[in-house]
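Hi there,

Here is the structure I promised to pass on.

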Amino acid sequence: MTQNLLDFDLDGLAAFCERLGEKRFRAVQLFRWIHQRGASDFTQMSDLAKSLREKLAGCAHVAALPVVSEHVSADGTVKWLFDVGDGNAVESVFIPEDDRGTLCISSQAGCAVGCRFCSTGHQGFSRNLTSGEIVAQLWFAEHALRARLGTEERVISNVVMMGMGEPLQNYSALVPALRTMLDDHGYGLSRRRLTVSTSGVVPMMDRLSQDCPVALAVSLHAPNDALRDPLVPLNRKYPLRELLEACNRYLEHAPRDFITFEYCMLDGVNDQPEHARELIELVRPRTGEGVRCKFNLIPFNPFPASGLRRSSAPQVAAFAKMLSDAGIVTTVRKTRGDDIDAACGQLAGDVKDRTRAAERMARQRTIVLKPVA
């Protein structure tokens, strides 16, 4: 069985080449061919010694994930469904904008966290992706889009680990993938333009701050533990106070001077004025430091199994105004790609559920989230 070279960051590839009797500069050349030029055929790699190309042909390969389907939205958003084997599939989404191109990448086949408002969580969890399967999404998208647009310039300027899965529950595969994305011999992304989104895995937040600090987004969705517990079950293990303390520790090493809090707006559940006031007090308490942050309010994308509804546009606007008037930078996320089910919370490839999510979520729906009177 040959080795997929997408599994390696540069240090890993250098170690692989060393085992073949090659020096590090050969690994750098190979890394550039793979990631900067999108090459998968070793015979194309003209500045590699013929002897190395022959060695590689016998023990290595560069393999993209098979594409099951591609859908293009009316707004230019592109969604790919990738086959990751054994009946599992994951989704990635490219979002073009005037000043950037953002790719949303999956880290797991399914998700074990089971957030109430996320269709990915409702389908359950099968397995972690490998580093190569994470990087392969970027490798395919970048070079496919370049070919489609007829350019050799970089198309993807931003990557967000906000696809299927909880990235920090797949830490050992995540970090080498991030390093490949950041490496100047690879994709050369800025740490400020590479974002990991987490529902709040506190110990891994601390590790990431030391191992590979990039921009951090935290799925908050509630201003208190009583409400967040049923919405984000991980909160029972790492409640808000611990989570906010971890956010402040992360900020000491982060490339940005703020944490992005994602907040899905749910009609009558977490979108009332009292919730906004609680959030303000949570991050800007009268005593203590609070958390340097910005809020990204996300319109909920309804699906029947959730039992939840989207907040009205006026309610979202009023909520955003309360946060902004308190001096907190607040944005409302545009809905992109919702006509191809590519919007936030809609990604849901086929996975073999090992977590019996349907049963768990059915029980969770018996916890009634009562609208505020």
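**Helix 1 and helix 2**

The crossing of helix 1 past helix 2 is right-handed. On the helix 1 side the contact uses L10, D11, L13, A14 and C17, which meet R24, A27, V28, L30 and F31 of helix 2. Sorted by class, that contact has eight nonpolar residues, two charged ones and no polar ones.

**The model as a whole**

Please keep in mind that this is a predicted model. The protein chain has 12 helices and 14 strands. Of its 373 residues, 55% are buried. If you take the contacts between residues at least 6 apart in sequence, 67% of them join residues at least 24 apart.

**Helix 7 and helix 9**

Helix 7 and helix 9 pack with their axes 9 Å apart, at an angle of about 0°. An angle under 35 degrees counts as roughly parallel, and therefore helix 7 and helix 9 are described that way. Helix 7 brings V202, M205, D206, L208 and S209 to the contact, while helix 9 brings E242, L243, A246, C247, R249 and Y250. Seven residues of this contact between helix 7 and helix 9 are nonpolar, three are charged and one is polar.

One more residue of helix 9, which covers residues 240–251, is worth a look: E245. With a relative accessible area of 38%, E245 is partly exposed. The C-alpha atom of E245 is separated by 8.4 Å from that of V291, although the two are 46 residues apart along the chain.

Helix 5 has 19 residues, which should span 27 Å at 1.5 Å a residue, and the 27 Å between its end C-alpha atoms agrees with that. Because 15 of those 19 residues are buried, helix 5 is largely enclosed by the rest of the structure. After helix 5 comes G150, which has a positive phi, near 65°.

Helix 6 runs over residues 171–182, and its 12 residues reach 16 Å from the first C-alpha to the last, close to the expected 16 Å. Helix 6 is mostly covered, with 10 of its 12 residues buried. Among the buried residues are Y171, L174, P176, L178 and M181. What do the buried residues of helix 6 pack against? Their partners are helix 2 (24–35), helix 5 (131–149), strand 9 (158–161), strand 10 (194–198) and helix 7 (202–211).

**A closer look at T180**

T180 belongs to helix 6. Is T180 buried or exposed? Its relative accessible area is 0%, and since anything under 20% counts as buried, T180 is buried. Leaving out residues up to four places away in sequence, T180 touches F8, D9, F31, H35, V135, G186 and Y187.

Best wishes

Key
Residues are numbered from 1 along each chain as its sequence is written. This is a predicted model: local features need pLDDT of at least 70, side-chain atom pairs count only at pLDDT 80 or more; totals for chains, interfaces and linings use all residues. Side-chain values use heavy atoms; hydrogens and water are left out. Helices (H or I, at least four residues) and strands (E, at least two) are DSSP runs, numbered from the N terminus. The expected span of a helix is 1.5 Å times one less than its number of residues. Buried means under 20% relative accessible area, exposed over 50%, partly exposed in between (1.4 Å probe, protein chains only). Contact means heavy atoms within 4.5 Å. A crossing is left-handed if the near helix is turned anticlockwise from the far one by less than a right angle, and right-handed if clockwise. Ala, Val, Leu, Ile, Met, Phe, Trp, Tyr, Cys and Pro count as nonpolar, Asp, Glu, Lys and Arg as charged, and the others, Gly among them, as polar. Axes are lines fitted to C-alpha atoms, for helices over the stretch in contact, and angles run from 0 to 180 degrees between N-to-C directions. Angles under 35 degrees count as roughly parallel, over 145 as roughly antiparallel, 65 to 115 as roughly perpendicular and the rest as oblique.
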